[in-house]
Amino acid sequence: MTTFLPSEGGAALVVVANRLPVDRVPDSEPAADAAATAPEGAERSSTASGQPAAPPRAAQWRRSPGGLVTALEPVMQSEHGAWVGWAGQPDLELEPFDFDGIRLIPVTLSAEDVELYYEGFSNDTIWPLYHDVISPPRFSRPWWEAYVTVNRRFAEAAAGAVAWGGTVWVQDYQLQLVPELLRELRPDVTIGYFHHIPFPPYGLYSQLPWRRQVLAGLLGADVIGFQRVADANNFTMAVRRQLKLETKGNDISVPSSDGGTRFAHVHPFPIAIDTTSYSELVRRPEIIARAKEIREGLGNPRRIVLGVDRLDYTKGIRHRIKAYGELLAEGRIDVSETILVQVASPSRERVAAYMQLRDEIEMSVGRINGTFDSTGHSAIRYLHHSYPREEMAALYLAADVMLVTALRDGMNLVAKEYVAARADNRGVLVLSEFAGASDELTSALLINPHDIEGLKDTIVEALDMPPAEQARRMRAMRRRVFKNDINAWSSSFLDALTRSRERREAQAQRAALSVVDA
Ligand code: GDG
């Protein structure tokens, strides 16, 4: 076993995620602000001989939107944190660079890695398998081999970046092998892993040909976090059945390389949103004006129903459109009064299941609009675009009813964002019980998206809900969303890591004392 020595001045806290928290600014656009230029992040485009091409060109970057980086920014800055991840473009070789006080350590992925590890194993094997096989997962040995190779690359980058005795926090399903690989390289570090998507019931998980390797990979972590209690239980059950390890409460006893036993602590940490930035955004006069403008642009309908999702088969967009079409056909809603706005942001467009889903949705929308539109009104305004956060906030403000009909979803941040945006205590959230958010947002109108009749009745109930009841439900949901915000979430995970480190140190001390006593 090789042991990595930390580089001089390594980071006390390292986050490892598939993506870096920055996006490259296309050459045609100016960087958002001065802080976004990263002269150290000079590009090393390879020549045919594999040698770095000279001279390097300074790349420009802007922060990618996302709660995780916002939540971790203060602690990353105070701890001289580092972030290991892919810059989002194949074959881009970059040196580490600093951005907004965080050291960014790019991991290079070739076009083939992207195809096999990312689009293949991550998004066409693990993603469908972990989302209740809504779409059939594909099991491919070359994809698995690429997943192992790329996970090792991320683990090595983290091992080289973290200070002696430091902490590494690994994010999500693309990197399930990193905890174990990293522990082999750096037994001194405390390792956390957070799983953003569901962990499936044993009957489904056990289909995975590499089920034992993936469990062993995750068990390299000291703390393994899931969104829901059910996910944590499914994981523990898979460990018991497949690896025959002993579990007690939330702890799993894992054999360690020195012949002893260590503990992996499994716990739900339901992810949250950056509520402060949302409440600030929706108070801005220009956002309020934009919400009004959106309503006018839609022909001033009495009610706006909204859906916002990545175009993904887990989100239940087809079920929602089917229910909406039937309500129109039955005359229970009228195009002159009500409109459905569906934002379906482009996602994983090179994966076959996503291409097919897009065709199906666009055909249904076309058929419904063709049948029910009038010259003045549309039944569904379908938007296959990505929008800035400001526009999303204005849409949330404009919407009378928000539809979240996921067939399976780790959490669903859109549901929480809608609630955070509604400072006026108006609006109704229709929420799938198969989204993690339904554990917390129990005052939403909860639905089973497979039950189209039930979904239709609930949409009508939402459209007819009196303002007093809207306010009562919205207040209860806002209390919950504001209490458990993204800062509370990241602190609770990092506190669990600290407790785990202390426990490991106490265990090592006891072991040392027992050697002396003997
Ligand atoms: C995974 C899990 C879990 C969407 N379109 C636009 C846009 N968005 C933003 C939303 C929201 C985010 O993307 C989507 O988050 P979700 O939670 O709804 O879903 P996933 O992308 O599947 O996320 C999920 C999450 O990880 C976190 O752990 O909750 O269960 O699947 O923030 O607002 N944002 C902008 N323009 C768009 O067009 N700016």
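Contact here means heavy atoms within 4.5 Å. Among contacts in the chain between residues at least 6 apart in sequence, 75% join residues at least 24 apart. The model is predicted, so local features need pLDDT of at least 70 and side-chain atom pairs count only at pLDDT 80 or more, while totals for chains, interfaces and linings use all residues. Residues are numbered from 1 along each chain as its sequence is written, and side-chain values use heavy atoms, with hydrogens and water left out.

The chain has 16 helices and 19 strands, taken as DSSP runs numbered from the N terminus (helices H or I, at least four residues; strands E, at least two). Its C-alpha trace spans about 85 × 60 × 45 Å along the principal axes. Of the 518 residues, 54% are buried, meaning under 20% relative accessible area with a 1.4 Å probe, protein chains only.

The interior can be followed through its nonpolar cores, each a set of buried Ala, Val, Leu, Ile, Met, Phe, Trp, Tyr and Cys residues joined through side-chain atoms within 4.5 Å. The largest has 98 residues, and Phe154 and Phe235 have the most contacts inside it. Helix H3 (residues 141–161) supplies the largest share of this core, 10 residues. At least three residues come from each of domain 1 (11–25 + 57–271 + 489–512) and domain 2 (275–484), with bounds from an automatic or database domain assignment. Apart from this core lies another, of 72 residues, including Val223, Ile273, Met402 and Tyr418.

Beyond its neighbours within four places in sequence, Phe235 is in contact with Phe199, Leu215, Leu218, Leu219, Ile224, Phe226, Ile252 and Val266.

Technical notes
Buried means under 20% relative accessible area, exposed over 50%, partly exposed in between (1.4 Å probe, protein chains only).
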